[in-house]
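Please open the model in your viewer and keep the selection tool at hand. The tour moves from the whole chain to a sheet, then to the helices beside it, and ends at a pocket.

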Amino acid sequence: MTVHPSLQTYADAWSDSIEAIAELVQPLVEGEWNRPTPCPGWSVRDIVSHVIGLECEMLGDPRPIHSLPRDLYHVRSEIARYMEMQVDVRRHHTAPEMTSELEYTIIRRNRQLRNENRAPDAMVRAPLGTEQTLEQAMRARAFDIWVHEQDLRTTLSKPGNLASGGALVTRDALLEALPKVVAKGAGAPPHTAVVFDVHGPVEFLRTVRVDADGRGTIDGSPSLGPAVTLVMDWETYFRLACGRVRAAAVPDRIKTEGDAELAAAILREFAVTQ
């Protein structure tokens, strides 16, 4: 690939995860494509449809002209409607149609990346008719593809790649959202420190500090006497943050110390994407 050096990490992470997805779904029989996944409202087929659809948009393909049914309970926002269009239009596609389109889309995207010579700050198409930089777009695709790879692995009982390049991109993206989760979502009071201690294939210790004005920041320094310490494994962390599971469903995988009310509020607001 010949993308800008600052984009190579995202390109490599994307490539690893989308190839893993193709390998996971290639042997599936027709009925397995309908299995529900941890992604709310989506089956295996729906996730692959979403992957194909957004990669086609990265290629500049026009969006499908399609009317969504009105009874999709998981579609509750404009961005959800946007994402659902590429999914619903493929809901009756057969397994061979799905795998063939996925394979062809990967070939086209790999060719695009091999020939990519735009700068990271070049503006490209984004959801809902907006624009974003190429770097933002590639980071988002690496993040999205890895999370959906994990959705499929969970559904198909084929764990793996928990510490891959996509996992590290996901870690960084989710950590950026933590200050808002603690300060705004959970309403942690000024001069509060909250420690997140995550172990497993991806390990990190981060402290979110809320300043006098109620704004949150994050750093890697431990805090003496934090208001709350949350300890969990990496898989639980990203599943909570990505809205795949609620804290109440995995109490044995989360250890909390300190202010129980604040800890509960943080866990209640933990999901930053779905």
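Two strands count as paired if DSSP finds at least two bridges between them, and helices (H or I, at least four residues) and strands (E, at least two) are DSSP runs, numbered from the N terminus. This is a predicted model, in which local features need pLDDT of at least 70 and side-chain atom pairs count only at pLDDT 80 or more, while totals for chains, interfaces and linings use all residues. Residues are numbered from 1 along each chain as its sequence is written, and side-chain values use heavy atoms, with hydrogens and water left out.

**The whole chain.** Show the cartoon, where the protein has eight helices and seven strands. Its C-alpha trace spans about 55 × 40 × 35 Å along the principal axes.

**The sheet.** Select the open sheet of five strands, whose order is β5-β4-β3-β6-β7, with mixed pairing. At its edges stand β5 (216–219) and β7 (254–258), each with a single partner strand, so one side of each is left without a neighbour in the sheet.

Now select β4 (residues 204–210) together with β5, which pair in the antiparallel sense over four bridges. Within this pair, V210 stands opposite G216 in β5, and T207 stands opposite D219 in β5. Five residues lie between the strands of this hairpin, where G214 takes a positive phi near 85 degrees.

**A helix on the sheet.** Select α8 (residues 260–268), which lies across β3, β6 (228–233) and β7 and runs at about 45 degrees to β6. Contact here means heavy atoms within 4.5 Å, and axes are lines fitted to C-alpha atoms, for helices over the stretch in contact, with angles running from 0 to 180 degrees between N-to-C directions.

**The largest pocket.** Which residues lie nearest the centre of the largest pocket? Select M83, F143, D144, T273 and Q274, which are among the 42 residues that line it. A pocket is, on a 1 Å grid over the protein atoms alone, an open set of points where a 1.4 Å probe fits, with protein on both sides within 12 Å along at least five of seven lines, and lining residues have an atom within 4 Å of a point. Helices α2 (44–58), α3 (78–88), α5 (134–156) and α6 (165–185) each supply at least two residues of this lining, and the largest share, nine residues, comes from α5.
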